[in-house]
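Take a look at the model below.

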Amino acid sequence: MPLVWDGSLCVGHKGIDDDHEKLVGLFNRFEDAVQRNQGRSIIAETVCALADYAMSHFTREEHVMLRHRYPAYEEHKALHDRFLEELSTLAGAVEERPDDISGELLDFFKVWIVDHLMTADQDLSDYICDRQVEAAIA
Ligand SMILES: [Fe+2]
Ligand SMILES: [Fe+2]
(Lines give C-alpha, C1' and ligand atoms only; values in the text may rest on other atoms or scores of the structure.)
(Ligands and ions follow the chains in the order given, each with its own letter.)
Protein backbone atom coordinates (compact mmCIF):
# COMPACT_ATOMS: atom_id res chain seq x y z
CA MET A 1 0.00 0.00 0.00
CA PRO A 2 1.45 3.38 -0.92
CA LEU A 3 1.68 6.15 1.63
CA VAL A 4 -1.30 8.46 1.27
CA TRP A 5 -0.64 12.17 1.35
CA ASP A 6 -3.53 13.58 3.31
CA GLY A 7 -4.14 15.96 6.18
CA SER A 8 -2.96 13.43 8.76
CA LEU A 9 0.65 13.85 7.65
CA CYS A 10 0.60 17.65 7.43
CA VAL A 11 2.54 19.45 10.15
CA GLY A 12 1.12 22.93 9.42
CA HIS A 13 4.28 24.56 8.03
CA LYS A 14 3.82 25.19 4.30
CA GLY A 15 7.45 24.79 3.25
CA ILE A 16 7.95 21.60 5.26
CA ASP A 17 4.62 20.13 4.15
CA ASP A 18 5.43 20.79 0.49
CA ASP A 19 8.75 18.99 0.93
CA HIS A 20 7.06 16.08 2.70
CA GLU A 21 4.50 15.67 -0.05
CA LYS A 22 7.32 15.32 -2.56
CA LEU A 23 9.24 12.94 -0.26
CA VAL A 24 6.19 10.72 0.15
CA GLY A 25 5.69 10.72 -3.64
CA LEU A 26 9.30 9.66 -4.20
CA PHE A 27 8.98 6.88 -1.63
CA ASN A 28 5.82 5.62 -3.34
CA ARG A 29 7.61 5.67 -6.71
CA PHE A 30 10.44 3.58 -5.24
CA GLU A 31 8.02 1.10 -3.63
CA ASP A 32 6.07 0.81 -6.85
CA ALA A 33 9.27 0.08 -8.83
CA VAL A 34 10.18 -2.67 -6.33
CA GLN A 35 6.71 -4.20 -6.27
CA ARG A 36 6.43 -4.21 -10.07
CA ASN A 37 9.90 -5.68 -10.31
CA GLN A 38 11.02 -2.99 -12.70
CA GLY A 39 14.64 -4.09 -12.64
CA ARG A 40 17.87 -2.91 -11.11
CA SER A 41 18.41 0.33 -13.03
CA ILE A 42 14.89 1.72 -12.47
CA ILE A 43 14.81 0.66 -8.81
CA ALA A 44 18.29 2.14 -8.30
CA GLU A 45 17.21 5.37 -9.96
CA THR A 46 14.14 5.68 -7.70
CA VAL A 47 16.09 4.94 -4.51
CA CYS A 48 18.74 7.50 -5.50
CA ALA A 49 16.06 10.12 -6.19
CA LEU A 50 14.55 9.38 -2.76
CA ALA A 51 17.93 9.60 -0.99
CA ASP A 52 18.90 12.83 -2.80
CA TYR A 53 15.61 14.47 -1.97
CA ALA A 54 15.69 13.26 1.64
CA MET A 55 19.14 14.81 2.02
CA SER A 56 18.10 18.17 0.59
CA HIS A 57 14.89 18.21 2.63
CA PHE A 58 16.73 17.38 5.85
CA THR A 59 19.23 20.15 5.14
CA ARG A 60 16.40 22.64 4.64
CA GLU A 61 14.70 21.49 7.84
CA GLU A 62 17.97 21.75 9.79
CA HIS A 63 18.45 25.32 8.54
CA VAL A 64 14.96 26.16 9.77
CA MET A 65 15.83 24.65 13.17
CA LEU A 66 19.04 26.66 13.43
CA ARG A 67 17.32 29.85 12.35
CA HIS A 68 14.72 29.40 15.08
CA ARG A 69 17.25 28.19 17.67
CA TYR A 70 15.31 24.95 18.01
CA PRO A 71 16.30 23.31 21.32
CA ALA A 72 15.96 19.72 20.03
CA TYR A 73 18.15 20.38 16.98
CA GLU A 74 20.82 17.79 17.83
CA GLU A 75 18.35 14.96 18.50
CA HIS A 76 16.36 15.76 15.40
CA LYS A 77 19.45 15.97 13.19
CA ALA A 78 20.64 12.61 14.59
CA LEU A 79 17.35 11.05 13.40
CA HIS A 80 17.91 12.51 9.92
CA ASP A 81 21.51 11.26 9.82
CA ARG A 82 20.46 7.78 10.87
CA PHE A 83 17.78 7.66 8.20
CA LEU A 84 20.27 8.73 5.51
CA GLU A 85 22.54 5.89 6.63
CA GLU A 86 19.65 3.44 6.32
CA LEU A 87 18.88 4.79 2.85
CA SER A 88 22.49 4.41 1.84
CA THR A 89 22.42 0.77 3.01
CA LEU A 90 19.20 0.31 1.06
CA ALA A 91 20.80 1.76 -2.09
CA GLY A 92 23.66 -0.74 -1.66
CA ALA A 93 21.18 -3.60 -1.30
CA VAL A 94 19.40 -2.46 -4.47
CA GLU A 95 22.71 -2.56 -6.36
CA GLU A 96 23.54 -6.06 -5.14
CA ARG A 97 20.16 -7.77 -4.85
CA PRO A 98 17.37 -5.68 -6.37
CA ASP A 99 15.00 -8.67 -6.31
CA ASP A 100 15.53 -9.09 -2.60
CA ILE A 101 13.92 -5.92 -1.27
CA SER A 102 11.37 -7.34 1.12
CA GLY A 103 8.00 -6.03 2.16
CA GLU A 104 9.35 -5.80 5.71
CA LEU A 105 12.15 -3.53 4.55
CA LEU A 106 9.73 -1.30 2.65
CA ASP A 107 7.53 -1.18 5.75
CA PHE A 108 10.50 -0.15 7.89
CA PHE A 109 11.02 2.95 5.74
CA LYS A 110 7.32 3.65 5.54
CA VAL A 111 6.90 3.47 9.31
CA TRP A 112 9.98 5.65 9.83
CA ILE A 113 8.65 8.34 7.48
CA VAL A 114 5.17 8.42 9.01
CA ASP A 115 6.53 8.34 12.56
CA HIS A 116 9.09 11.06 11.88
CA LEU A 117 6.57 13.38 10.23
CA MET A 118 3.97 12.88 12.95
CA THR A 119 6.32 13.27 15.92
CA ALA A 120 9.69 15.00 15.37
CA ASP A 121 8.57 17.19 12.45
CA GLN A 122 5.23 17.99 14.08
CA ASP A 123 7.07 19.09 17.25
CA LEU A 124 9.31 21.32 15.13
CA SER A 125 6.37 22.88 13.31
CA ASP A 126 4.52 23.49 16.61
CA TYR A 127 7.62 25.17 18.04
CA ILE A 128 7.99 27.51 15.05
CA CYS A 129 4.29 28.30 15.12
CA ASP A 130 4.40 29.12 18.87
CA ARG A 131 7.41 31.39 18.36
CA GLN A 132 5.68 33.21 15.52
CA VAL A 133 2.58 33.72 17.66
CA GLU A 134 4.74 35.00 20.53
CA ALA A 135 6.59 37.37 18.19
CA ALA A 136 3.31 38.63 16.76
CA ILE A 137 1.83 39.49 20.18
CA ALA A 138 5.06 40.81 21.73
FE1 LIG B 1 12.76 16.00 10.30
FE1 LIG C 1 10.81 16.47 7.48
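Two residues are in contact if their C-beta atoms, placed from the backbone, lie within 7 Å. Now apply that to this predicted model. Among the contacts in the chain with a separation of 6 or more, 73% join residues 24 or more positions apart.

What are the secondary-structure elements? The chain has four helices and zero strands. In sequence order, the pattern reads α-α-α-α. The C-alpha trace spans about 55 × 25 × 20 Å along its principal axes. Of the 138 residues in the chain, 19% are buried.

Start with helix α2, residues 40-67. How does its span compare with what its 28 residues should give? At 1.5 Å a residue, α2 should span 40 Å. Its end C-alpha atoms are 40 Å apart, so expectation and model agree.

Next, the burial of α2. Its buried residues are I43, T46, V47, L50, H57 and E61. An α-helix has 3.6 residues a turn, so residues three or four places apart point the same way. Keep that in mind when reading the list of buried positions. What covers these buried residues of α2? The cover includes α1 (14-35) and α3 (73-96). Just after α2, R69 takes a positive phi of about 50 degrees.

Move on to helix α3, where R82 is found. Is R82 buried or exposed? R82 has 11 C-beta neighbours inside 10 Å, so R82 counts as exposed. For a distance check, take R82 and C48, which are 34 residues apart along the chain. Their C-alpha atoms are separated by 16 Å.

Now consider how α3 packs with helix α4, residues 103-137. The angle is about 160 degrees, and the axes are 11 Å apart. Angles over 145 degrees count as roughly antiparallel, so α3 is roughly antiparallel to α4. The crossing of α3 past α4 is left-handed.

Which residues meet there? From α3 come H76, L79 and F83. From α4 come W112, H116, A120 and L124. By class, this contact of α3 with α4 has five nonpolar residues and two polar ones, with no charged residues.

Key: Residues are numbered from 1 along each chain as its sequence is written. Chains are lettered from A and ligands numbered from 1 in the order in which they are written. This is a predicted model: local features need pLDDT of at least 70, side-chain atom pairs count only at pLDDT 80 or more; totals for chains, interfaces and linings use all residues. Helices (H or I, at least four residues) and strands (E, at least two) are DSSP runs, numbered from the N terminus. The expected span of a helix is 1.5 Å times one less than its number of residues. A residue is buried if 20 or more other C-beta atoms lie within 10 Å of its own, exposed if 12 or fewer, and partly exposed in between; C-beta atoms are placed from the backbone. Axes are lines fitted to C-alpha atoms, for helices over the stretch in contact, and angles run from 0 to 180 degrees between N-to-C directions. Angles under 35 degrees count as roughly parallel, over 145 as roughly antiparallel, 65 to 115 as roughly perpendicular and the rest as oblique. A crossing is left-handed if the near helix is turned anticlockwise from the far one by less than a right angle, and right-handed if clockwise. Ala, Val, Leu, Ile, Met, Phe, Trp, Tyr, Cys and Pro count as nonpolar, Asp, Glu, Lys and Arg as charged, and the others, Gly among them, as polar.
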